[in-house]
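Please consult the sequence and the model while reading the points below.

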Amino acid sequence: MLGAFANAFRTPDLRKKLLFVLLIIAVFRLGSQVPAPGVHVANVQACFKQTADSGIYGLINLFSGGALLQLTVFALGIMPYITASIILQLLVVVIPRLDALKKEGQSGQAKITQYTRYLTLALAVLQATGIVALARSGNLLQGCDKPLLWHNNIQTALIMVLVMTAGTGMIMWLGELITDRGIGNGMSILIFTQVIATFPGELWGVEKAKGPWIFGGVVIMGLVIIAAVVFIEQAQRRIPVQYARRMVGRKMFGGSSTYIPLKVNQAGVIPVIFASSLLYLPAMAVQFNQSSNSAWVRWVGTYFVRGDHPIYMLIYFLLIIFFTYFYVAITFNPEEVADNMKKYGGFIPGIRAGKPTEEYLNYVLSRITLPGSLYLGLVALIPLAALALVNATQNFPFGGTSLLIMVGVALDTVKQIESQLQQRNYEGFLR
């Protein structure tokens with residue numbers, strides 16, 4: 001593999017792309033460390049060390065590389081773009097106009113991308129306003145009695161909202177630069193960068209809190225989990241498709257055979273994000289009603305804040321299974337696939353074209369989605385199980401959303417580098 005890296009850097013155009021990606025990552029991480037105007041850096045750092053593991057913003061803080069709770073320029077991270085992309089994907093199924101744009105090809109996709117950018121900025125304004133309001137009220141970092149801002153006035157709040165929203169816009173621009181001039185999907189690489197940024201600190205935190213023996217066990221367990229995740233992420237069911245020969249003018253077309261790849265984890269990490277976001281809502285509602293002593297506040301505080309209770313784990317697991325089936329249903333349309341196959345003379349051996357093909361694809365998809373949803377649920381429960389068994393922090397390094405993102409993006413990027421190396425007669429990475 002080291003030889004493959006050497007081959008990649010020996011190729012001039014590939015070396016330029018890799019160095020460009022590294023430069024963008026450096027700029028991205030720099031913006032994640034620069035505090036927004038008006039932030040009392042010393043107080044924020046002191047409160048962050050004291051309460052970072054007890055907050056309810058774990059998912060958003062994860063996608064910002066720890067920048068959210070430190071109120072930096074890139075505090076919102078990539079989360080507004082992820083949310084906007086998910087919303088647009090859902091709206092494409094509901095709104096006929098967006099569905100028509102999707103079918104128009106590259107021009108329609110460019111229009112949807114433009115709508116995603118506008119929605120990202122709108123969501124960034126909303127999220128930045130909420131975060132700044134929590135910082136002004138002192139509820140952003142729970143248990144912190146120090147002021148997080150130098151001046152607690154409207155002018156400072158507006159400037160912070162403007163800077164954080166502009167930071168989100170710049171993140172989108174950096175991601176598109178990587179996609180156009182670098183290697184891999186820019187947004188995915190930036191998400192990977194933010195997730196991996198907190199990984200060494202979380203891993204070292206296990207060693208300091210639990211000692212070298214527990215630390216060694218966690219590392220070994222992590223390597224086993226990564227190997228299992230790589231195996232499942234690569235697994236797919238290949239449905240063979242054959243195309244009949246047809247005469248167009250004086251030329252013969254068709255007669256080829258291919259396959260439809262159905263991944264075991266067809267939904268990716270999206271169901272985990274959906275389930276995590278939904279379970280953050282009751283905990284966030286309790287935070288805004290801390291003065292209340294009602295029964296529901298105590299109940300939510302017991303079962304939905306820390307995440308180590310069996311009821312929380314069960315609901316989390318069931319939500320992931322539900323959202324996996326839901327997301328696969330809206331992103332893969334067996335009826336459309338069957339119609340396209342019939343239109344171009346394709347058929348599955350042993351299955352008639354049209355309605356029988358659609359029913360067969362539905363059957364295979366439902367069968368293969370079950371192990372995929374169980375896999376996602378089990379991986380997502382790893383940090384919660386560690387929280388309950390060894391009293392680890394909620395930022396347990398191996399497991400959940402972070403591990404799925406790290407492995408998925410790394411595999412996709414390595415495959416793209418490998419394809420470019422193979423074009424130049426190199427062996428590539430995945431031998």
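Is isoleucine 82 buried or exposed? Isoleucine 82 is buried, at a relative accessible area of 10%, where buried means under 20% relative accessible area, exposed over 50% and partly exposed in between (1.4 Å probe, protein chains only). The model is predicted: local features need pLDDT of at least 70, side-chain atom pairs count only at pLDDT 80 or more, and totals for chains, interfaces and linings use all residues. Residues are numbered from 1 along each chain as its sequence is written, and side-chain values use heavy atoms, with hydrogens and water left out.

**Confidence and overall composition**

- The mean pLDDT of the chain (the predictor's confidence in each residue, from 0 to 100) is 79, and 79% of the residues score at least 70.
- Confidence is highest in helix α8 (residues 154-181), with a mean of 90, and lowest in helix α4 (residues 58-63), with a mean of 60.
- The chain contains 17 helices and 5 strands; helices (H or I, at least four residues) and strands (E, at least two) are DSSP runs, numbered from the N terminus.
- Of the 431 residues in the chain, 44% are buried.
- Contact means heavy atoms within 4.5 Å; among contacts between residues at least 6 apart in sequence, 71% join residues at least 24 apart.

**Nonpolar cores**

- A nonpolar core is a set of buried Ala, Val, Leu, Ile, Met, Phe, Trp, Tyr and Cys residues joined through side-chain atoms within 4.5 Å.
- The largest such core comprises 69 residues, and Val229, Leu262, Val272, Tyr316 and Leu404 have the most contacts inside it.
- A second, separate core has 19 residues, including Leu76, Ala135, Leu148 and Leu149.
- In soluble globular proteins, nonpolar side chains tend to be buried together.

**Packing of α2 against α8**

- Helix α2 (residues 12-31) and α8 have axes that come within 10 Å and cross at roughly 170°; axes are lines fitted to C-alpha atoms, for helices over the stretch in contact, and angles run from 0 to 180 degrees between N-to-C directions.
- The two helices α2 and α8 are therefore roughly antiparallel, as angles over 145 degrees count as such, under 35 as roughly parallel, 65 to 115 as roughly perpendicular and the rest as oblique.
- On the α2 side the contact involves Lys17, Phe20, Val21, Ile24, Val27 and Phe28, and on the α8 side Met170, Ile171, Leu174, Leu177, Ile178 and Arg181.
- These contact residues are 10 nonpolar, no polar and 2 charged; Ala, Val, Leu, Ile, Met, Phe, Trp, Tyr, Cys and Pro count as nonpolar, Asp, Glu, Lys and Arg as charged, and the others, Gly among them, as polar.
- Phenylalanine 20, in α2, is buried, with a relative accessible area of 14%.
- Not counting residues up to four places away in sequence, phenylalanine 20 touches Leu177, Ile178, Arg181 and Gly182.
- Phenylalanine 20 and leucine 177 lie 157 residues apart in sequence, with 9.2 Å from C-alpha to C-alpha.

**Packing of α6 against α7**

- Helix α6 (residues 96-103) packs with helix α7 (residues 106-137) at an angle of about 130°, their axes being 6 Å apart, and the two are therefore oblique to each other.
- Leu98, Leu101 and Lys102 of α6 meet Gly108, Gln109, Lys111, Ile112 and Tyr115 of α7.

**Location of isoleucine 82**

- Isoleucine 82 belongs to helix α5 (residues 79-94).
- The C-alpha atoms of isoleucine 82 and isoleucine 273 are separated by 9.6 Å, although 191 residues apart along the chain.
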